[in-house]
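Subject: Handing over a structure

Hi,

Here is the structure I promised to pass on to you. Have a look at it first, and then read on for what was found in it.

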Amino acid sequence: MAETIIPKATAKRLPVYYRYLNFLANSGTTKISSTELSDAVKVDSATIRRDFSYFGALGKRGYGYDVNDLLKFFKKILNQDRLTSVGLVGVGNLGHALLNYNFRQANNIRISAGFDINPDLAGTIQSGVPIYPMDEMIKQIKDQQIEIVILTVPIDAAQHITDDLVKAGIKGIMNFTPIRISVPSYVRVQNVDLATELQTLIYFLEHYGPTLNEPEA
């Protein structure tokens with residue numbers, strides 16, 4: 001049977017659900033309704049039910065959802081039982097902030113290697129993460145079997161570094177640079193442009209105010 005294709009908007013909400021379900025389980029809560037979950041994660045209940053429906057019958061009418069069952073299900077869906085090592089390319093101001101953060105709230109994700117052109121950084125340990133020179137990037141990514149990287153380099157270096165990442169076998173790139181990098185069809189890119197996000201926020205505040213309820217995708 002063909003695998004169900006999940007909309008991107010739904011996929012982005014799954015970690016939000018998982019994080020709150022973890023909180024509920026740790027607090028001893030055993031069941032929750034879609035309305036209660038909606039109030040907590042600020043996603044309307046109809047959208048939650050639709051998101052869950054892509055995975056079959058996860059709840060019971062009149063009962064709601066079993067927290068532990070949902071937690072186990074999303075843990076498997078999100079590969080929370082498998083550690084994912086991530087590379088960081090560019091250890092400048094943003095890179096250092098990401099190293100300090102290092103996904104401490106996500107038990108299954110860690111930055112395991114950093115890469116930078118600065119000779120003062122290469123060969124050092126920053127926030128518990130080894131930093132390698134750029135000329136070792138391809139080798140280290142292959143040796144450490146890293147498949148996902150975070151890209152925080154200057155604009156003029158972004159594309160040729162991306163080309164090297166593709167050669168190294170990278171499958172996913174979280175791109176913090178302002179440009180849209182070009183990759184083969186088998187590599188997925190998630191663009192994170194903080195300036196654009198702030199400009200969008202400012203636009204909505206100025207034109208619609210702070211209480212705009214956008215329709216869920």
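Let me begin with the charged pairs: the count comes to 4 salt bridges, a salt bridge being a side-chain nitrogen of Lys or Arg within 4 Å of a carboxyl oxygen of Asp or Glu. Before going through some of them, a word on the source. This is a predicted model, in which local features need pLDDT of at least 70 and side-chain atom pairs count only at pLDDT 80 or more, while totals for chains, interfaces and linings use all residues. Residues are numbered from 1 along each chain as its sequence is written, and side-chain values use heavy atoms, with hydrogens and water left out.

One of the salt bridges joins D51 and R13, whose closest N and O atoms are 2.7 Å apart. This pair links distant parts of the chain, with D51 in helix α3 (residues 45–53) and R13 in helix α1 (residues 8–26), 38 residues apart. Helices here are DSSP runs of H or I with at least four residues, strands are runs of E with at least two, and both are numbered from the N terminus. D51 is buried, at a relative accessible area of 0%, and R13 is buried too, at 9%. For these words, buried means under 20% relative accessible area, exposed over 50%, and partly exposed in between, with a 1.4 Å probe and protein chains only.

Another salt bridge is formed by K171 and E147, with 3.4 Å between the closest N and O atoms. It also links distant parts of the chain: K171 sits in the loop between α7 (155–168) and β8 (172–175), and E147 in the loop between α6 (137–143) and β7 (148–151), 24 residues apart. E147 counts as partly exposed, with 37% relative accessibility.

Leaving out residues up to four places away in sequence, S85 touches R110, S112, I146, E147 and I148, where contact means heavy atoms within 4.5 Å. S85 itself is buried, at a relative accessible area of 19%.

Then there is the salt bridge of D164 with K167, where the closest N and O atoms are 3.9 Å apart. Both residues lie in helix α7, 3 residues apart, or about one turn of the helix. D164 is partly exposed at 25% relative accessibility, whereas K167 is exposed at 58%.

Now for the domains. The assignment gives domain 1 (8–78) and domain 2 (84–197), with bounds that come from an automatic or database domain assignment. Taken over C-alpha atoms, their centres are 31 Å apart. What do they share? In contact are 4 residues of domain 1 and 4 residues of domain 2, and the count between the two domains is 0 salt bridges. The area buried between them is about 170 Å², of which carbon and sulfur atoms give 30%; this is the accessible area (1.4 Å probe) that two parts lose on being put together, summed over both.

Finally, the overall picture. The protein has 8 helices and 9 strands, and its C-alpha trace spans about 60 × 45 × 40 Å along its principal axes. Of its 217 residues, 35% count as buried. Among contacts between residues at least 6 apart in sequence, 56% join residues at least 24 apart.

Best wishes
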